[in-house]
Amino acid sequence: MGPNREKKGSHSSTSPCANLRAAYHNCFNRWYSEKFVKGLWEKEECISEWQKYRACLSEHLDDKHLSRFLEAEVVVDPAIQDDSGNPVDGASVGGRR
Amino acid sequence: MVKAFTQEYVYKHPWERVTSASYRKFTDHENRRILTHILEVDTLSCKHDPISKKLYTTRAVTVHFPGPWFIRKIIGQEICHCIESTVVDAKSRSMQLSSRNVSLQKFIEVEEKIRYDPHPDNPSRWTVCRHETNIHLKPLPALASIAEKVEQRYVEKVVKYSATGREVMERICTYLEAESREIRRL
């Protein structure tokens, strides 16, 4: 994911997915504050934004440390477990299964 | 050698607003001028469990690697990739973040766990943040004589970044509060 050496404080992002990322994050943040925390969680949202952003990431995210965490059809991160200690899988915000 | 410490902080804002701010902390563009060590933040997965109603997100956070020039010379890199996993339970109003570096693990392992819960004394209006950090510097021969100094340097950096992060969070909470007042007025 980019070169090993980066200038400190360079904030004009070099990521080719920057615009799609911003669109997704804006959508997610709105959904989170206006729907999710208020218990309005029935409808899937930000689907189009997520699909475009995720497609860009899967093309450009070449760092091996990170790409293995990129959402596939079923995502299991051993660090995330439910109360029984089982890794979790579920419906996505913005992704289709 | 492992250094472990905990920081606690109270936000005088409701849990819903504080957790919204937590998600925005690294992604809102205006904060990047302040959080200069954060280079890139990408969402890698986002799952909403329809049965438990919990939200699970995984993000990649690429940071500029703090350390003096001779450390960077030994490591050979200036950036570090971290994975941040978050579980939010909106029904019980709890958020837990777990963050760890997934590169440079031969040199150092830093694990952070942050919890946001309603404050027991004022659960509808205040939020308590509990932030645990574990720093494990690996016993590299090249660093043996200065290991303790390096470790202390990282502790100082974490404390400094945490303080800056909290300032940013407070700012976002103030903004969200003003925004919600404006919406109610319309």
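The largest pocket has a volume of about 470 Å³. Lining this pocket are 19 residues, and those closest to its centre are Ser33(A), Lys38(A), Leu176(B), Glu179(B) and Ser180(B). The model is predicted. It scores ipTM 0.90 and pTM 0.83.

**The largest pocket**

- Three helices each supply at least two residues of the pocket lining: α1 of chain A, and α1 and α3 of chain B.
- Helix α3(B) gives the largest share of this lining, with 6 residues.
- By class, the pocket lining has 9 charged, 5 polar and 5 nonpolar residues.

**The largest cavity**

- The count of cavities of 30 Å³ or more comes to 4.
- The largest cavity has a volume of about 790 Å³.
- A total of 44 residues line the largest cavity.
- Nearest the centre of this cavity lie Phe26(B), His37(B), Ser99(B), Glu112(B) and Tyr161(B).
- Several elements of chain B each supply at least two residues of the cavity lining. Among them are the strands β1 (2–11), β3 (54–64) and β4 (79–89).
- The largest share of the cavity lining, 8 residues, comes from α3(B).
- By class, the cavity lining has 24 nonpolar, 11 polar and 9 charged residues.
- How is such space found? Rolling a probe the size of a water molecule over the atoms shows where empty space is left.

**Helix α2 of chain A**

- Helix α2 of chain A covers residues 47–60 and has 14 residues.
- From its first C-alpha to its last, α2(A) reaches 20 Å, close to the 20 Å expected at 1.5 Å a residue.
- Which residues of α2(A) are buried? They are Ile47(A), Trp50(A), Tyr53(A), Cys56(A) and Leu57(A).
- What do these buried residues pack against? Their partners are α1 (18–34) of chain A and β2 (38–48) of chain B.

**Confidence in chain B**

- Chain B has a mean pLDDT of 90. In this chain, 97% of residues reach 70 or more.
- Which element of chain B has the lowest mean pLDDT? Helix α2(B), residues 69–75, does, with a mean of 73.
- Helix α1(B) has the highest mean among the elements of chain B, at 97.

Key:
Residues numbered from 1 in each chain as written. Chains lettered and ligands numbered in written order. Predicted model: local features only at pLDDT ≥ 70, side-chain atom pairs only at ≥ 80, totals over all residues. Heavy atoms only, no water. Helix = DSSP H or I, 4+ residues; strand = E, 2+ residues; numbered from the N terminus. Expected span 1.5 Å × (residues − 1). Buried < 20%, exposed > 50% of the residue type's maximum accessible area, 1.4 Å probe, protein only. Contact = heavy atoms within 4.5 Å. 1 Å grid on protein atoms, 1.4 Å probe; cavity = no way out; pocket = protein on both sides within 12 Å on 5 of 7 lines; lining within 4 Å. Points joined across faces, edges and corners; volume = space filled by probe spheres on them. Nonpolar A, V, L, I, M, F, W, Y, C, P; charged D, E, K, R; others polar. pLDDT = per-residue confidence, 0-100.
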